[in-house]
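Here's a quick briefing to read with the model open beside you. Take it one topic at a time and find each part as you go.

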Amino acid sequence: MSNQAADAVFDALGEPVRRRILELLNEGPTPVGELAARLPVGRPAVSKHLRVLSNAGLIEHRSAGTRNLYMLAPGGMAAAQQWLVRTWDTVLAAYAAEVARLPRRSSP
């Protein structure tokens, strides 16, 4: 996965309303109207947030009759998770190198 994919995920997660939408979708597929009823923004704003989340690969939608149901995308957080693991591995390696470089103290 590219840094561009991780950037899109982190950018999408930077907005509190979008994080709340993901929390609500964790309960299962939900139509936009139900999401809007549980959020402090109107339906048009929720639709815009859903578009950003979808473009970042965090959610998907399917039509069910006349309704569009939104749900979490399996693996939607994979790009961010991989970025975090790579970053954490780099930090741990630097820490281990620094510890190895320090002189050892003898025990009393």
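Helix α2 is where you'll find Arg19. Keep in mind that this is a predicted model. We'll begin with that arginine and its neighbour in the helix, then move on to the sheet, the core and a helix crossing.

- Arg19 has a relative accessible area of 38%, so it counts as partly exposed.
- Skip the neighbours within four places in sequence, and Arg19 is in contact with Leu13 and Gly14.
- Arg19 and Leu53 sit 34 residues apart along the chain, and their C-alpha atoms are separated by 9.4 Å.
- Which residues does Arg20 touch, leaving aside its neighbours within four places in sequence? They are Arg38 and Leu39.
- Leu39 is 19 residues from Arg20 along the chain, with 8.0 Å between the two C-alpha atoms.

**The sheet**

- Three strands make up an open sheet in the order β1-β3-β2, and the pairing is antiparallel.
- Which strands are at the edges? They are β1 and β2, each of which pairs on one side only.
- As background, strands of a sheet pair through backbone hydrogen bonds, either parallel or antiparallel.
- Strand β1 covers residues 30-31 and β3 covers residues 67-72; two bridges join these antiparallel strands. In one place to look, Pro31 has Leu69 of β3 as its bridge partner.
- Strand β2, residues 59-64, pairs with β3 over six bridges, again in the antiparallel sense. Here Ile59 has Leu72 of β3 as its bridge partner.
- β2 and β3 also form a hairpin, with two residues between them. Gly65 is in that turn and has a positive phi of about 70 degrees.
- Helix α2 packs on this sheet and touches β1, β2 and β3. The direction of α2 makes about 95 degrees with that of β3.

**The nonpolar core**

- In soluble globular proteins, nonpolar side chains tend to be buried together.
- How many residues does the largest nonpolar core have in this model? It has 22, and those with the most contacts inside it are Ile21, Leu35, Val46, Leu50, Leu58 and Ile59.
- The elements giving two or more residues to this core are α1 (3-13), α2 (16-25), α3 (32-37), α4 (43-55) and α5 (78-101).
- α2 gives the most, with five residues.
- Apart from neighbours within four places in sequence, Leu58 is in contact with a list of residues including Val9, Leu13, Leu22, Leu53, Met71 and Met77.

**Where α2 crosses α4**

- Two packed helices are described by the angle between their axes and the distance between the axes.
- The axes of α2 and α4 come within 10 Å and cross at roughly 80 degrees. That angle makes α2 roughly perpendicular to α4.
- On the α2 side, the contact is made by Val17, Arg18, Ile21 and Leu22. On the α4 side, Val46, His49, Leu50, Val52 and Leu53 take part.
- What kinds of residue are these? Seven are nonpolar, one is polar and one is charged.

**A glycine in α3**

- Gly33 lies in helix α3.
- Is Gly33 buried or partly exposed? Its relative accessible area is 27%, so Gly33 is partly exposed.
- For a sense of distance, Gly33 and Ala100 are 67 residues apart in sequence, and their C-alpha atoms are 57 Å apart in space.

Technical notes
Residues are numbered from 1 along each chain as its sequence is written. Side-chain values use heavy atoms; hydrogens and water are left out. Two strands pair if DSSP finds at least two bridges between them. Helices (H or I, at least four residues) and strands (E, at least two) are DSSP runs, numbered from the N terminus. A nonpolar core is a set of buried Ala, Val, Leu, Ile, Met, Phe, Trp, Tyr and Cys residues joined through side-chain atoms within 4.5 Å. Buried means under 20% relative accessible area, exposed over 50%, partly exposed in between (1.4 Å probe, protein chains only). Contact means heavy atoms within 4.5 Å. Axes are lines fitted to C-alpha atoms, for helices over the stretch in contact, and angles run from 0 to 180 degrees between N-to-C directions. Angles under 35 degrees count as roughly parallel, over 145 as roughly antiparallel, 65 to 115 as roughly perpendicular and the rest as oblique. Ala, Val, Leu, Ile, Met, Phe, Trp, Tyr, Cys and Pro count as nonpolar, Asp, Glu, Lys and Arg as charged, and the others, Gly among them, as polar.
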